[in-house]
Amino acid sequence: MIVDIYQYFKEHPSFNKLVGDNFIFVEYKCPIDIEEFQLWTESHIITYVVSGKKDWITPNKTYELLAGDAIFVRKGVYVTKQYFEEDYCVMLFLINDDFIKKFMSENNLSPGGSVQGREFEPVFRIDTSDSFQSLIESIFHYLKQGESLPERLVTIKFKELLFNIALNPKNRQLLQYFGSIQQRAKVDMEDTMLQNFQYDLSMEGFAKLCGRSLSTFKRDFKNRFNSTPSKWLNEKRLEYAKALLLGSDLSISEVCYESGFKNTSHFNRIFKDKYRLPPNQFKMSQNLS
C-alpha cells in the first residue's frame, strides 16, 4: 500500500508538528524496524536529516541522505529505504504549489532565465549552509512549543526557510523550479503521469498529483491523450513491464508489482492480450531469438 504522506502526518496525533493552510512542519522519528516505505504526496517536501541514513529512490536515481543533508522532493511517488545502524530522525516541511507561487510573487524573485518547458529532476539537493542549519534549529525549537504557536509566526518561519534556499546561489536550480511553478497555470499533466504511471495509485491520487478534481482530471486527460486514464495507464504499464522483462532479472511477480499492477493473474491476462504470450513465455521466446 502507498501511504499519502501529507494526510498521514496531518491526521496522526502522535507527531510533533505545526499545521497551516498550505504547509506542515513535522519532526519524524522513523521506527528502526521499518526498512522500506512507499509513499506519495501531493505536496512538495523539504527534508533535513537530523540523524541516521536513508535513501530516496526514484525510477532513475537513488539519493543517499546522511545527517546534515537536505533535499527538496517534488510531489509524486517515492520509495525510501532506511538503514538499521541507527535511528532515523528528520525534519519535514510539506508545502504546496500555491504557497510557492505566492512566495515568489510577493517577493519579486526571479529564477534567472526562462524556465518554460524545461524538465526538472524529481529531487533537488539543498545546500546546507551554516545559516540554513541555524534556521532549522530555530524551527525545531518552535516545534517544541506545540499548537500554542500563532500560525502567522509559523508562516514567517516557513518563508524564511524558502528565502534561505532561494538566495543561496548553490540552490539556483531549485529556484528555477520555483519559477516554473509560478509561471504555469496548471500542473503539467503529461509530465506528472509519465513520472508516476508505474505506481499503484488510485485515480483520485493521480488527479491530486495533477492538481485537479477527479472530474476535471478525466476531462483534461481525454483532451490531452484522447484516451481514458485507465486505458492509458494499462498501456504504459504494459510497455514498462515488457522493458523490465527484457532488460532485468526480475521475476514475473516482481515485474508485475514494479509496473503498477495489483496482482499477477490480472497482469498475466492483459499482457497476453497485448503481446499474444503470457509474460514468462514472452521472456523465454525473446531470449531464444
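Helices (H or I, at least four residues) and strands (E, at least two) are DSSP runs, numbered from the N terminus. On this basis the protein chain, a predicted model, comes to 12 helices and 11 strands. Residues are numbered from 1 along each chain as its sequence is written, and side-chain values use heavy atoms, with hydrogens and water left out. In this predicted model, local features need pLDDT of at least 70 and side-chain atom pairs count only at pLDDT 80 or more, whereas totals for chains, interfaces and linings use all residues.

**Overall dimensions**
- The C-alpha trace of the protein chain spans about 60 × 45 × 35 Å along its principal axes.

**Largest cavity**
- A cavity is a set of points, on a 1 Å grid over the protein atoms alone, where a 1.4 Å probe fits but cannot get out; lining residues have an atom within 4 Å of a point.
- The count comes to one cavity of 30 Å³ or more, and the largest cavity has a volume of about 130 Å³, a volume being the space filled by probe spheres set on the points, which are joined across faces, edges and corners.
- Its lining comprises 13 residues, of which Ile5, Tyr28, Leu39, Trp56 and Leu92 lie nearest the centre.
- Two or more lining residues come from each of helix H1 (5-11) and strands E4 (36-41), E5 (44-51), E6 (53-57) and E10 (88-95); E10 gives the most, with three residues.

**Second largest pocket**
- A pocket is an open set of such points with protein on both sides within 12 Å along at least five of seven lines.
- The second largest pocket holds about 450 Å³ of space and is lined by 18 residues, with Gln38, Val79, Tyr199, Tyr257 and Glu258 nearest its centre.
- The elements giving two or more residues to this lining are E4 and helix H10 (252-258); H10 gives the most, with three residues.

**Packing of H2 and H5**
- Helix H2 (residues 97-106) and helix H5 (residues 172-183) pack at an angle of about 100°, with their axes 9 Å apart; axes are lines fitted to C-alpha atoms over the stretch in contact, and angles run from 0 to 180 degrees between N-to-C directions.
- H2 is therefore roughly perpendicular to H5, a class covering 65 to 115 degrees.
- The contact (heavy atoms within 4.5 Å) involves Asp97, Ile100, Lys101, Met104 and Ser105 of H2 and Leu175, Phe178, Gly179, Ile181 and Gln182 of H5.

How values were computed
Parallel < 35°, antiparallel > 145°, perpendicular 65-115°, else oblique.
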